[in-house]
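Student: I would like a close look at one part of this structure. Please take it step by step.

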Amino acid sequence: MTETTRNLVPDDEFPIGSPVNISRRHFLLTSAGAAAGAFVLGFGVPVGQARAQQAASPMPPGTRVPAFLEIRPDSSIRFMSPFVEGGQGVFTAMAQIVGEELDADPKTFVVENAPAGGDYLVINGKMRITGGSMSGRTSYETMRKLGPLARNMLLQAAAKRLNAPITELTTEPGRVIHAASGRSLAYGEVAAEALDLPVPAPESVSLRDPSKFRWIGKPVERLDMHDKSTGKAVYAIDCKVDGMLHAAVQHAPRLGLTIGKIRNEEQLKAMPGVHSVHSLSGAVAVVAERWWNAKRAAEAAQVDWREPGSDADPALRHMPADFSTAAFSDKLANEPGSGKEAENVGDVTKAFDAAKTVVSATYKSQYLHHAQLEPPSTLARFNPDGSLEVWLPNQAPEQFQADIAKLTGLDPSKVTLHSPILGGFFGRHFLYPSANPYPQAIQLAKEVGRPVKLIWSREEEFLRDPMRPMAAVRFRGALDASGMHRIAQIYVKNPTTLAYWRSVGNSMNDFFYETFLDELADKGGQDPYELRMKLLQKNERLSNLLKAVGDLSGGWKRGPFTADDGSKRARGVAMASPFGSHTAAIAEVSIRNGQVVVHDVWEAIDPGSIVNPAIIEAQINSATALGMSQVLMEEAVYQNGEPTARNYDLYPILPPDRMARVHVRIIESGAEMGGIGEPGLPAIPPAVANAVSTLTGKRIRSMPLSNYTFES
Amino acid sequence: MNLQINSQSYQVNSDGDTPLLWIIRDELGMTGTKYGCGLAQCGACSVLVDGEVVRSCVTPLDSVAGRQITTIEALEADPIGKRVVAAWVKHQVPQCGYCQSGQVVAATALLKQTPNPSDDEIAAAMINLCRCGTYNAIKAAVKDLSSKQGETL
């Protein structure tokens with residue numbers, strides 16, 4: 001992939017509030033697939049006075065049609081998505097939403113991640129990230145409105161061509177129709193003329209009646225299936241440019257150590273294919289003609305790492321040489337103090353005084369890796385004009401562009417960010433200090449005077465991957481009281497670098513709440529499903545959801561019971577309400593050879609309203625897998641300041657033979673649209689843990705279950 | 001050294017102990033085969049060598065001299081591979097897609113050797129990791145292929 005298609009320019013390159021008309025200025029795109037005459041609005045025209053004038057009359061993000069849409073002569077539609085595709089199906093969802101209102105089949109869309117630029121800050125009109133399950137729900141109305149603006153321009157151009165009043169024209173997918181004369185034109189046929197027209201005022205066009213939706217709300221096929229089944233999909237790690245060198249690094253074993261002497265530097269330089277050896281901040285890098293040679297030499301480097309001194313970078317969390325997760329977990333659990341009260345419902349003091357039984361318990365979670373299959377990489381190239389191009393996986397282009405500008409001293413307009421699709425993300429590709437390869441790649445490209453692609457090996461990734469935090473929570477519950485009182489919220493700084501992880505705090509907090517709720521139910525002699533029903537009796541939406549998952553599983557059946565195959569099984573239930581959606585899950589487990597087997601998971605989700613039920617079902621499967629992986633087997637362990645696992649051999653993730661069957665029910669309650677990518681996860685770990693507690697009689701208060709011993 | 005990949009002959013000059021994966025990706029520029037772990041743990045690098053699935057990240061170049069290597073780029077040229085890809089699309093298997101080259105190669109190898117695999121045979125052969133958790137969709141796609149052996153998808 002040499003630099004091919006990215007000719008869109010950021011918002012601030014546009015001169016005024018109306019799109020630049022490329023065709024009229026005789027600018028034609030050289031990008032692949034955009035031939036002369038294509039309906040290209042406002043692509044790639046730098047204008048001197050741009051910034052000042054733009055500031056005087058800014059258009060709100062998400063309203064400048066030309067920044068998003070290009071209609072080609074063959075009527076295919078190139079759409080620049082504000083959200084990056086990383087498996088969650090957002091490119092397809094965007095095509096559904098825009099296509100619905102443009103009157104164009106989502107199948108005809110070619111979707112790419114939009115470059116950095118103010119036009120794409122569509123989350124509440126001021127932010128752009130792909131995360132927090134926010135893409136669909138925060139941009140839904142904005143993206144819908146883009147379609148009819150372009151459609152109106154196509155209608156105007158067709159009216160002129162057909163010499164017919166615009167009021168007599170209609171559209172069907174991809175075509176303008178003049179029923180009176182029986183004539184029609186494909187969108188691509190009028191694109192060239194349409195682009196000579198001004199973009200209409202947003203308030204002059206109307207949206208479709210949702211009851212007439214053809215694609216929104218339907219299980220439209222994903223756009224990227226064939227490319228992703230044939231190796232054609234291009235990820236950051238696959239990008240290449242002419243004259244490129246490859247690089248690999250060896251990081252300091254603990255973050256914060258600084259690089260001293262490379263004892264065998266001469267030897268490294270003499271290794272096959274090696275171009276040069278470089279001392280970076282907290283890492284040694286080897287640049288070579290091919291990555292394998294770079295990696296071998298980087299691994300072989302013998303470096304004197306030094307403890308941080310007065311020159312220590314205050315932005316980094318220096319890893320102490322004696323840090324261990326086991327000791328840290330104990331420290332968290334025994335942290336003195338009563339903690340900050342996080343949540344109180346009702347008169348807690350009175351409830352506890354009146355309680356027959358007070359239940360106290362400490363629950364724990366573990367550090368987790370993202371473990372996305374695509375290791376991080378960055379390709380950096382300085383161009384002859386002094387500008388910098390960077391290809392890298394990221395969930396927030398503008399933030400990365402700004403950081404790179406700061407790092408290099410370049411104006412942001414001189415930093416072009418290419419953001420290819422992601423080989424998994426789960427929160428991995430945000431701006432985390434010391435956890436991204438781009439500062440190293442940029443420095444190397446500068447030092448060698450050629451483009452450099454740096455790939456972190458899996459081992460280097462697991463050494464610098466920022467982790468989902470571990471936690472200890474002390475609960476105290478009063479039976480006879482309806483409220484639950486969480487007593488311990490004490491901030492303890494982690495020596496590790498922390499990160500978002502799919503479903504963020506919910507990934508562990510719902511485990512704590514929902515397993516402790518079961519513990520309370522058991523102590524009070526109540527059935528955990530019936531207790532939840534009772535607690536939710538005044539909440540119609542959640543009552544329906546809990547009933548739905550019960551029905552989906554064939555009726556609530558806690559067990560233990562004996563299955564047809566003779567195994568002893570039990571079911572657990574849990575609920576969660578993350579990211580604007582609500583979920584309820586039931587898991588059925590048994591013990592085989594001392595290990596927990598999850599046979600089936602039933603999950604109901606109420607995201608209010610939906611865009612694509614097939615994608616939702618896939619995301620529930622995916623979130624279930626990650627939730628199961630967390631509760632069954634994942635744990636990043638540190639000893640002596642270093643992770644004990646640097647690859648999947650010692651940090652296992654859920655393999656295929658441990659995946660459960662997953663049954664999904666989607667409830668469209670009509671409430672405000674909620675998130676999809678993350679909400680399916682948080683109810684899974686507690687549903688599994690509660691089932692195991694029921695089955696074994698052993699109370700599960702921590703993850704992963706692989707740390708427990710079970711008898712088959 | 002001469003290498004037979006996707007029915008073409010390539011002269012490659014990397015050292016004999018270089019993993020096949022990096023020959024394919026860096027020296028020959030075919031990036032459909034993925035690097036995930038480098039330890040034969042994940043299977044993202046799976047290719048066919050004489051029709052059998054091999055993890056190319058731990059396969060030294062000099063061990064495959066004179067053998068027929070097939071990468072994901074040429075899989076649709078194979079009748080079974082073509083049906084596997086069609087089943088992957090039909091079942092909407094991929095999510096992020098990064099592991100799917102390897103999954104498709106593994107499924108093709110399985111069906112070449114065992115045209116109608118049982119559930120146990122599918123479980124034994126389809127062992128590549130997928131962090132997106134597409135395992136149920138993969139299983140459904142392979143089962144679909146095994147039950148429809150001889151038919152056109």
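Student: Which helices cover the buried residues of H2(B)?

Tutor: A caution before we start: this is a predicted model. The cover of the buried residues of H2(B) includes helices from both chains. Chain A contributes helix H5 (225-229). Chain B contributes helix H3 (100-113) and helix H5 (135-147).

Now look at H2(B) itself. The helix runs over residues 79-90 of chain B. It has 12 residues, and at 1.5 Å a residue they should span 16 Å. The end C-alpha atoms are 17 Å apart, which agrees. Which residues of H2(B) are buried? They are Gly81(B), Arg83(B), Val84(B), Val85(B), Ala87(B) and Trp88(B). An α-helix has 3.6 residues a turn, so residues three or four places apart point the same way. Keep that in mind as you turn the model. After the helix comes Gln92(B), and its phi is positive, near 50°.

Next, take one of the covering helices, H5(B). Its 13 residues should span 18 Å at 1.5 Å a residue. Its end C-alpha atoms are 18 Å apart, in agreement with that. The buried residues here are Tyr135(B), Asn136(B), Ala137(B), Ile138(B), Ala141(B), Val142(B), Leu145(B) and Ser146(B). What do they pack against? On the chain B side, they meet H2, H3 and helix H4 (119-125). On the chain A side, they meet H16 and S26.

Step back to the whole of chain B. It has five helices and five strands. Along the sequence they follow the pattern β-β-α-β-β-β-α-α-α-α. The radius of gyration is 15 Å, close to the 15 Å that the globule rule gives for 153 residues, so chain B is as compact as a globular protein of that length. Its C-alpha atoms fill a box of roughly 45 × 30 × 25 Å along the principal axes. Of its 153 residues, 58% count as buried. Consider contacts between residues at least 6 apart in sequence: 62% of them join residues at least 24 apart.

Follow S26 into chain A. It belongs to an open sheet of five strands, in the order S20-S21-S22-S23-S26, with mixed pairing. Strand S20 (561-562) and strand S26 (661-666) are the edges; each has a single partner strand, so one side of each is left without a neighbour in the sheet. Within the sheet, strand S21 (residues 568-576) and strand S22 (residues 582-592) of chain A pair in the antiparallel sense over seven bridges. One bridge joins Ala574(A) to Ala585(A) in S22(A). Helix H17 (residues 684-696) of chain A packs on this sheet, touching S21, S22 and strand S23 (595-606). Its direction makes about 145° with that of S21(A).

Ala585(A) matters for one last point. The largest nonpolar core has 235 residues, and Ala585(A) is one of those with the most contacts inside it.

Terms used
Residues numbered from 1 in each chain as written. Chains lettered and ligands numbered in written order. Predicted model: local features only at pLDDT ≥ 70, side-chain atom pairs only at ≥ 80, totals over all residues. Helix = DSSP H or I, 4+ residues; strand = E, 2+ residues; numbered from the N terminus. Rg over C-alpha atoms; globule rule 2.2 N^0.38 Å. Buried ≥ 20, exposed ≤ 12 C-beta atoms within 10 Å, placed from the backbone. Contact = placed C-beta atoms within 7 Å. Expected span 1.5 Å × (residues − 1). Pairing = 2+ DSSP bridges. Axes fitted to C-alpha atoms, helices over the stretch in contact; angles between N-to-C directions. Core = buried A, V, L, I, M, F, W, Y, C linked by C-beta atoms within 7 Å.
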